Amino acid sequence: ARPNAAQFKQLVVTALRELHGEVGAALPVDVLTYEEKTLSAILRVISSGLVKLWSALTLLGFYQNRRCAFRVLQTSPFLLALSGNSRELVLD
Amino acid sequence: HAALSRRYVLCEVVSEDSRCRQCIEDRTLGLAVRDAIARVHGDYGLACCSISFTVKYLNAYTGTVLLRCRKDSYRLLCSALPFVRYLETRAQRYPCFLNTLHVGGTIRTCQKFLIQYNRTQLLRLLQNCTNEEERQCIQKSLLSCSLTEEQSQSGDEEEDDGTE
């Protein structure tokens, strides 16, 4: 079963709690958008917490006893920058 | 090359139960502190603090504990100490808390602080005596304190702590 938005947030918080404990789980992380079809989301975190969040997502291996992996496509201090992915940019 | 720096955290175990202090040993205390670090700071914090972590000194009579850790992770350790809420030995759980007294870079500075602290604590105990019997007892132990010079290490002094 694919996670809905609340379960996705719970997954992120669980990852933080496993790697960084209660202090990590208390880090304010917001799920700005979430698409259940593609299982992709935009997360927002304070910049001092980026290392904790990214490392926690990297080391999360299981969701409901099934293997999973987080792939970070893009990070930016500006939300507008996430609308276009410069990795997929094609120069004519 | 960078020197291996350590931090020594001096704390005391405070408990309402008088049996709690008797059951303090280095292993139970070490496990309790590491468990608290794992809860508060997770796998990363536990691994970070465990690198050079030991219980260096323990005094069951006064409840004084000296912990050692790396300088890079002493903040993780100190912030997790308030989350130690009980000590567990032989299937018995005693509620208690740890009071951080001093953080030093060497055992010697912690020892100096502890001697000074014990002096003030003895005087305060004397002031708070409720009956004459306690007062006599404390005065006797204060007067029987002596400084002994160890033959093996010259200049190393240890104050004899007469309280229980």
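1. Before going on, some housekeeping. This is a predicted model, with local features needing pLDDT of at least 70 and side-chain atom pairs counting only at pLDDT 80 or more, while totals for chains, interfaces and linings use all residues. Residues are numbered from 1 along each chain as its sequence is written, chains are lettered from A and ligands numbered from 1 in the order in which they are written, and side-chain values use heavy atoms, with hydrogens and water left out.

2. Back to that pair. The axes of H4(B) and H5(B), the latter being residues 132–143, come within 9 Å and cross at roughly 155°. That crossing makes H4(B) roughly antiparallel to H5(B); angles under 35 degrees count as roughly parallel, over 145 as roughly antiparallel, 65 to 115 as roughly perpendicular and the rest as oblique. Axes are lines fitted to C-alpha atoms, for helices over the stretch in contact, and angles run from 0 to 180 degrees between N-to-C directions. H4(B) passes H5(B) in a left-handed crossing, meaning that the near helix is turned anticlockwise from the far one by less than a right angle (clockwise would be right-handed).

3. Chain B also has an open sheet of four strands, in the order S2-S3-S1-S6, with antiparallel pairing. At its edges are S2(B) (54–59) and S6(B) (97–104), each pairing on one side only. Neighbouring strands are turned by 25° against each other on average, direction ignored. Two strands pair if DSSP finds at least two bridges between them; helices (H or I, at least four residues) and strands (E, at least two) are DSSP runs, numbered from the N terminus.

4. Look next at S1(B), residues 6–14: seven bridges join this strand to S6(B), and the two run antiparallel. Val9(B), for instance, has Val103(B) in S6(B) as its bridge partner. H4(B), residues 107–127, packs on the sheet, touching S1, S2, S3 and S6 of chain B, and its direction makes about 120° with that of S6(B). H2(B), residues 26–50, lies across S1, S2, S3 and S6 of chain B too, running at about 130° to S2(B).

5. There's a hairpin as well. S4(B) (86–89) and S5(B) (92–95) pair in the antiparallel sense over four bridges, with Leu87(B) opposite Tyr94(B). Two residues lie between the strands, and Arg90(B) in the turn has a positive phi of about 45°.

6. Where do the chains come together through helices? H1(A), residues 5–25, packs against H2(B) at an angle of about 140°, with the axes 5 Å apart. The two helices are therefore oblique to each other, and their crossing is left-handed. Among the residues making the contact are Leu19(A), His20(A) and Val23(A) of H1(A), and Val40(B), His41(B) and Tyr44(B) of H2(B). By class, this contact has five nonpolar, five polar and five charged residues.

7. Finally, Val45(A) lies in S2(A), residues 40–45. Val45(A) and Val29(A) are 16 residues apart in sequence and 5.0 Å apart in space, C-alpha to C-alpha.

Note on methods
Contact = heavy atoms within 4.5 Å. Nonpolar A, V, L, I, M, F, W, Y, C, P; charged D, E, K, R; others polar.
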